[in-house]
Amino acid sequence: MTTARTTRTQHLATRLDISTAIPFETFLTALETAAPKFRQDRIEGIVNRGGTWDEVLAAVAENAPHGLMVFATVDGTALMTPAGHHTRAVEYLIGNHTIAERMFRHNPLTLLYAPLRILVFSDDRGDAVFSLDRPGTLFGSLEDPRISAVGRELDDKVRGLLAAIGVDVESASFDD
C-alpha cells in the first residue's frame, strides 16, 4: 500500500441563482435549443478518420450556436418525486470542450469544473430558476491568469446563453 499525499486548497465560489420569470418547461426547451446536445458522433467521426483540431473546432462551432452545448442531464424531478417532492429540477453539464482545452493545457484540474454544472429548478410560481457557480470564480481558484481569463470568458458565454433565451441578464450580475 502506498501513502497518499493530499493537497488542500480552500477557495470561494460565487453561486448565482437567477429567477428567470419564464415557465419551467418553456425555459428548458429554450435552454436546450440555445445549448444543443453535444454531437459526439461528429467528433468521433473526425477523430476516427484522423481529422484535425481545426475540423473539431468547426464542428463544435456549428453544434453550439452560442458557444455552449449540453453534455449530460440528470432528471432530478424523477429522482425526487418518489420521496414526495414536487419541485421540478434538471441538472445539466453544459460546456464546450474546445474552450476547456485552452485551460486544460495549463492545468488538468480545470476538468473538475468543466463542463459547468447547472441546475434549473421550479420556483413556487412554476417559473425556472437557473443556478450555477460562476465560472470566473471556479476557474479563478486555480490561480493561473491564463485560466482565469477563460473563466471570465465563460461568464460571458453563460450571460449570452441566458440573453438568447430571453432572460434579462442585466439583473443577473456576473460581477463580484
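I take strands here as DSSP runs of E of at least two residues, numbered from the N terminus, and I note at the outset that the model I am reading is predicted.

**Overall fold.** I looked up the secondary structure and found seven helices and five strands in the protein, which follow one another from the N terminus in the order β-α-α-α-β-α-β-α-β-β-α-α. The radius of gyration comes to 18 Å, close to the 16 Å that the globule rule gives for 176 residues, so the protein is as compact as a globular protein of that length. I then checked the extent of the C-alpha trace, which spans about 45 × 40 × 40 Å along its principal axes.

**Burial and contacts.** Of the 176 residues, 41% count as buried, while the protein exposes about 10,400 Å², with 52% of that area supplied by carbon and sulfur atoms. Among contacts between residues at least 6 apart in sequence, I find that 69% join residues at least 24 apart.

**Largest pocket.** I looked up its volume, which is about 280 Å³, and then its lining of 15 residues, of which E91, L116, R117, I118 and D133 lie nearest the centre. Which element gives the largest share of this lining? The answer is β4, with four residues; both β4 (116-122) and β5 (127-133) supply at least two residues each. Sorted by class, I count ten nonpolar, one polar and four charged residues in this lining.

**Second largest pocket.** This pocket holds about 160 Å³ of space, and the residues that line it include T9, H11, N107, Y113 and E143. By class, its lining divides into four nonpolar, four polar and one charged.

Definitions and conventions
Residues numbered from 1 in each chain as written. Predicted model: local features only at pLDDT ≥ 70, side-chain atom pairs only at ≥ 80, totals over all residues. Heavy atoms only, no water. 1 Å grid on protein atoms, 1.4 Å probe; cavity = no way out; pocket = protein on both sides within 12 Å on 5 of 7 lines; lining within 4 Å. Points joined across faces, edges and corners; volume = space filled by probe spheres on them. Nonpolar A, V, L, I, M, F, W, Y, C, P; charged D, E, K, R; others polar. Rg over C-alpha atoms; globule rule 2.2 N^0.38 Å. Buried < 20%, exposed > 50% of the residue type's maximum accessible area, 1.4 Å probe, protein only. Contact = heavy atoms within 4.5 Å. Areas by Shrake-Rupley, 256 points an atom, 1.4 Å probe, with all protein chains shown as cover.
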